[in-house]
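Hi everyone, thanks for making time.

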Amino acid sequence: MKPFRLLHAGLIAATVLTTACAPRESIAQSLTTEFPRDGWISWDVPAVENAPAWCCYHYEDKNDPRPGRCALDGKSYGYGMRDDAARTDTLRIYAKFANGEVQRVRSLAPTCEATADTPIRHLGPRSADGSVAWLRGVVTATARSDDDGQSGHPRGPARDAFAALAVHRGDGALAVLRDQAQSAANRGQRRQAVFWLGQVRGEPGVDILQPIMLGDADANIREHAAFAVALSKSPRASALLIRQGEQDTSAKVRGQAWFWLAHSKSADAEAALQSAVRRDPDSKVRQKAVFALSQLPGTRAVNALAALAEDRTLDRELRKKAVFWLGQSKAPEAMAYLEKTLLRVAQ
């Protein structure tokens, strides 16, 4: 994949990162003044409501990771925050250029210290719409040149451009993510847009994901949309997962929907999963529903699995699966149930 060229990036960025009324010559000038041929630049943009205050975490003590300095040129990095309450109303976007081509994009909280192998030139505040237009160029340029269209992750800077888009305030960023989720050139682009709609964009993101999750022609995308909806913590998530688990034409998608439903901790999970165990036409989905019951928290899992184990109307293999997952449980109630059962059999 060829990285997104400065020629294209500058053309968009020169228009949108300068004032709207700038004369044509000053716009052309910004190709060299705003964006370097080589090195890092950064700018600040307004963040979407409840935007995560992303930073880098260091794991000297695996039980107590600490926020620390982000090495922008490092080979390994991610997006994280230790405290779910850590939010920010501003994000800092970083972009690295080499030979006039953008190589990397990162988005971090302004309070997060970042270092690079070369100096970082900070441009100051910029409009969210302007920044979105530039990032859209990065994403669409990658889509045109990505040879591995079915992969789960776009190559080059596009992957991180999606994350940066997601945290930009305003309808412009949401529209780009919506368009990419619905009709991007390849599956990898769509999966990234779907993921970030669920991860960051709240209820408006779920509004976009719902028809994709329940009706997209690509089963892989429907399954990924269910994952994104589960991550969104939307109050609609459990109902949508139940609907997918009951209605999707793909056994694989239905089975995965039940898994995410169990992890949603919804009060409706037991009834829906027990129904799937008894009614789904596919034996593998029925077994996945039993496993999903084992993923419920604490005594909920034990009680649900014990009910299956005791139900003599069920297929013997499903009852055995329920007993197996009880044996794998670390809950003391599971061990107590198994001991009681063994004593009853022995008598």
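This is a predicted model: local features need pLDDT of at least 70, side-chain atom pairs count only at pLDDT 80 or more; totals for chains, interfaces and linings use all residues.

Let's begin with one alanine: Ala 193 touches Phe 162, Leu 177, Gln 180 and Ala 181, leaving aside residues up to four places away in sequence. Touching, or contact, means heavy atoms within 4.5 Å. Residues are numbered from 1 along each chain as its sequence is written, and side-chain values use heavy atoms, with hydrogens and water left out.

Back to Ala 193. You'll find Ala 193 in helix 6, residues 187-200. Helices here are DSSP runs of H or I with at least four residues, strands are runs of E with at least two, and both are numbered from the N terminus. Is Ala 193 buried or exposed? Ala 193 has a relative accessible area of 0%, so it is buried. The cut-offs are under 20% relative accessible area for buried, over 50% for exposed, and partly exposed in between, using a 1.4 Å probe and protein chains only.

Now zoom out. The protein chain has 15 helices and 8 strands, and 49% of its 347 residues count as buried. Of the contacts between residues at least 6 apart in sequence, 68% join residues at least 24 apart.

On to the cysteines. How many disulfides does the structure hold? There are 2, where a disulfide is a pair of cysteine sulfur atoms within 2.5 Å. One of them joins Cys 55 to Cys 112, with 2.1 Å from S to S. That pair links distant parts of the chain, 57 residues apart: Cys 55 is in the loop between strand 1 (39-52) and strand 2 (56-58), and Cys 112 is in the loop between strand 6 (101-108) and strand 7 (114-115). The torsion about the S-S bond of Cys 55 and Cys 112 is about 75°, so this disulfide is right-handed. Cys 55 counts as buried at 10% relative accessibility, and Cys 112 counts as buried at 4%.

Then there's Cys 56, which is joined to Cys 70 with 2.0 Å from S to S. Here too the pair links distant parts of the chain, with Cys 56 in strand 2 and Cys 70 in strand 4 (residues 70-71), 14 residues apart. The torsion about the S-S bond of Cys 56 and Cys 70 is about 115°, so that disulfide is right-handed. Cys 56 is buried with a relative accessible area of 13%, and Cys 70 counts as buried at 0%. Number the bonded cysteines in sequence order and the pairing reads 1-4, 2-3.

Last stop, a pair of helices. Which residues of helix 12 meet helix 14? Arg 286, Gln 287, Val 290, Phe 291 and Ser 294 in helix 12 meet Leu 318, Lys 321, Ala 322 and Trp 325 in helix 14. Helix 12 (residues 283-294) and helix 14 (residues 316-328) pack at an angle of about 25°, with their axes 10 Å apart. That's it from me, over to you.

Note on methods. Axes are lines fitted to C-alpha atoms, for helices over the stretch in contact, and angles run from 0 to 180 degrees between N-to-C directions.
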